[in-house]
Amino acid sequence: MVSVGGVHFKSCCYCFYILFLVLFLAQSNSCFSAKVYVVYMGSRSGEDQNDILRNDHQILAAVHGGSMELAQASHVYSYKHGFRGFAAKLTDQQASLISEMPEVVSVFPNLKRRLHTTHSWDFIGLVGDETTEIPGFSTMNQVNLIIGFIDTGIWPESPSFSDADMPPVPARWKGQCQSGEAFNASSCNRKVIGARYYMSGYEAEEDIVETVSFRSPRDSSGHGSHTASTAAGRYVKNMNYMGLAAGGARGGAPMARIAAYKTCWDSGCYDVDLLAAFDDAIRDGVNILSLSLGPDAPQGDYFNDAISIGSFHAASRGILVVSSVGNEGNQGSATNLAPWMFTIAASSTDRDFTSDIILGNGPNGVNFTGESLSLFGMNASARIISASEANAGYFTPYQSSYCLESSLNSTKARGKVLVCRHAESSTESKLGKGVVVKEAGGVGMILIDEADKDVAIPFLIPSAITGKEIGNRILSYVSHTRKPTSKIFPAKTVLGSQPAPRIASFSSKGPNALTPEILKPDVTAPGLNILAAWSPAVGKLHFNILSGTSMACPHVTGISTLIKAVHPSWSPSAIKSAIMTTATVLDKNHEPITVDPEGRRGNAFDYGAGFVEPRRVLDPGLIYELQPIDYKVFLCSIGYDEKSLHLITRDNSTCDQTFTTASDLNYPSITVSNLKDNFSVTRTVTNVGKPRSIYKATVSSPVGINVTVVPKRLIFNSYGQRMNFTVHFKLNSPSMGYKFGFLSWKNRKIRVTSPLVVRVAPSSMGLVR
């Protein structure tokens, strides 16, 4: 045993290294400012929890000149249940030194992640109140399943979280109901069975913490309550948003249990807190984790990313992690890219919230429609002008056309309807533009927003959002009419809008920027104008309508819970496969799904395997299954060596077995990112349908690629039987960019479909890289 500065080290393998660090740091200048870092140390290998904390302090003492006092002061969290590691306040130099220690996988700063902010269930085929039963199956076992939501907390008094007629909490549950501001142990019930909150990472980075509402699991923003009720809310007879979208509503798995892990505060969610939530959730006993949040694109390496790390260890313990793909909308902006995560895009339903816009008076008036949640309407027509005509002070007409703060002249705007613009990817609040118009004396607003024209906003004055085409027609009317007038009506609910579903313009798109051989997103689900529970702390509302991939994620969480209820032994990859291979790429009119705002035909980078179809997921026929060892082989195939693998897994895994490329991972989609001439991919399917069954292969080849499948028929004789097949890709006529197709295994009743995505290598087209 070696003692340095009062710190005892049981292992001698680090002795000289530690002594060097102590001497080096004792002589170095320690005036550099410290910030919070995550030190990730891979899987837990059975250490006692007291030993874990002691070891973390020893590592920190080594970079604090041997001082245990400084080590303990710098310590923030220890991760000790699902994986190993800790968070601490370190200088850049100290972080660099720790990253070189033999037992450390990675060290990364405490980055901030962002939230990816019920007719939807009727639309996708789950009709009913409490049971959401699917014909031919019983999902009553959902009362034994626990969904963890890593989000902004929960408002447990919402009727969506009533525990009426629910049986006792499952005995295996190890979680807790953590007390805090306006929240105590009695705030939980048989529905919301656990609630925790985490803010050490947040407080370490944010200067003004006085703005935090509810230092407890209580939801002060509404987002967490919204996502939890979408996935697992109880039936509410008359859920509505100020009279809009009125009717009965419930979550996908209304009898499942909820555990809330509040990691997200007013400005976002920090890595240190997210990892602590993952660590606890794994120990607590959740079956599924739902995360409607993620990093900004481009995403970092898997083991420098808190969500990827947490979900890797969750998946290794049989917990399915469902996540949102992000709201950046551009090609290649997809996040939450790890193959062990289930990544969800957002699409529409056939319900819209619209306001009528009338230009002119009398029988010659022209009627347009815009998107809105504003319940304010105009009693009479008023003059309409372009906001550019009301420019104020030093603002140019162009700047004022975007209705920026202080950009409007109240003398010119008073009593008028203003036509404002919204820039694509702008951080300017659309709701805020309405406030600017109102403060300038305007009586109404028409907002031209081509990118997100279908996202309804609860404006504070009569308002509506239009796309560029209608917006330009309105501006043309304004400029060519001597005394143009307009009247805007209150919002109303419109059912049966077509086409539906459509991919929301804000939904982030593939390809996967980190590992192109893994298709992301995986599927799409409703995420546009979704009604669900809310926090009365915000606007005194009990229900609200939101849009985002945040709203799509819990739809798939709910569906996954129903599958787990019917097939409790299925692994996360089996559940994921069942949802992916039964999805559809057609809308309700049996036409190809399109993408907002331009209405182009969608592809796998927009919707992954397609739009979820919960009526088919319980009997998928065949599944593509993955075991934890497959992810280890995957890591070897993308460049992780055995040393790194050992640190991550803490077992005897080797890279003796590896894939030719990451395309060989037994994923339900098949992506070839660099086809030069020919390439082959092997997949294994498991029969979970009738014991004796025959499936025939049907292929729609990507343009310019010849695709063949060997064998063409799969003959199964027993349940659980596995069979391999190989897909051969042969380049016929090279062309630029990605091309899309599909492979389906069909029998009389079942279709098991995988997207095919192929990019021809530039060298195969005579191009230089």
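Guide: Four strands make up an open sheet, ordered β4-β5-β3-β6, with antiparallel pairing. Strands here are DSSP runs (E, at least two residues), as helices are (H or I, at least four residues), and both are numbered from the N terminus; two strands pair if DSSP finds at least two bridges between them. The edges are β4 and β6 (106-109), and each of them pairs on one side only. Direction ignored, neighbouring strands of this sheet are turned by 20 degrees against each other on average.

Visitor: What kind of model is this, and how are its residues numbered?

Guide: It is a predicted model, in which local features need pLDDT of at least 70 and side-chain atom pairs count only at pLDDT 80 or more, while totals for chains, interfaces and linings use all residues. Residues are numbered from 1 along each chain as its sequence is written, and side-chain values use heavy atoms, with hydrogens and water left out.

Visitor: Which residues of β5 are the bridge partners of His75 and Ser78?

Guide: His75 has Ala88 in β5 as its bridge partner, and Ser78 has Phe86. Strands β4 and β5 (residues 85-90) pair in the antiparallel sense over 4 bridges. The two strands form a hairpin, with 5 residues between them.

Visitor: Which helix does His57 belong to, and what does His57 touch?

Guide: For helices in general, an α-helix has 3.6 residues a turn, so residues three or four places apart point the same way. His57 lies in helix α2 (residues 49-62). With a relative accessible area of 11%, His57 is buried. Contact means heavy atoms within 4.5 Å. Neighbours within four places in sequence aside, His57 contacts Met68, Ala71, Gln72 and His75. His75 is the residue whose bridge partner in β5 is Ala88.

Visitor: How many residues of helix α7 are buried?

Guide: In α7 (residues 223-232), 10 of the 10 residues are buried, so this helix is largely enclosed by the rest of the structure. Among them are His223, His226 and Ala232.

Visitor: In what order do the strands of the sheet with β34 run?

Guide: This open sheet has 5 strands in the order β34-β41-β40-β36-β38, and its pairing is mixed. At its edges stand β34 (670-675) and β38 (713-716), each with a single partner strand, so one side of each has no neighbour in the sheet. From one strand to the next the twist averages 20 degrees. Strand β34 pairs with β41 (residues 751-760) in the parallel sense over 4 bridges, and Leu675 has Val760 in β41 as its bridge partner.

Visitor: How many helices and strands are in the protein chain, and what are its overall dimensions?

Guide: The protein chain has 18 helices and 41 strands. Its C-alpha trace spans about 90 × 65 × 65 Å along the principal axes. Of its 769 residues, 60% count as buried.

Note on methods:
Buried < 20%, exposed > 50% of the residue type's maximum accessible area, 1.4 Å probe, protein only. Axes fitted to C-alpha atoms, helices over the stretch in contact; angles between N-to-C directions.
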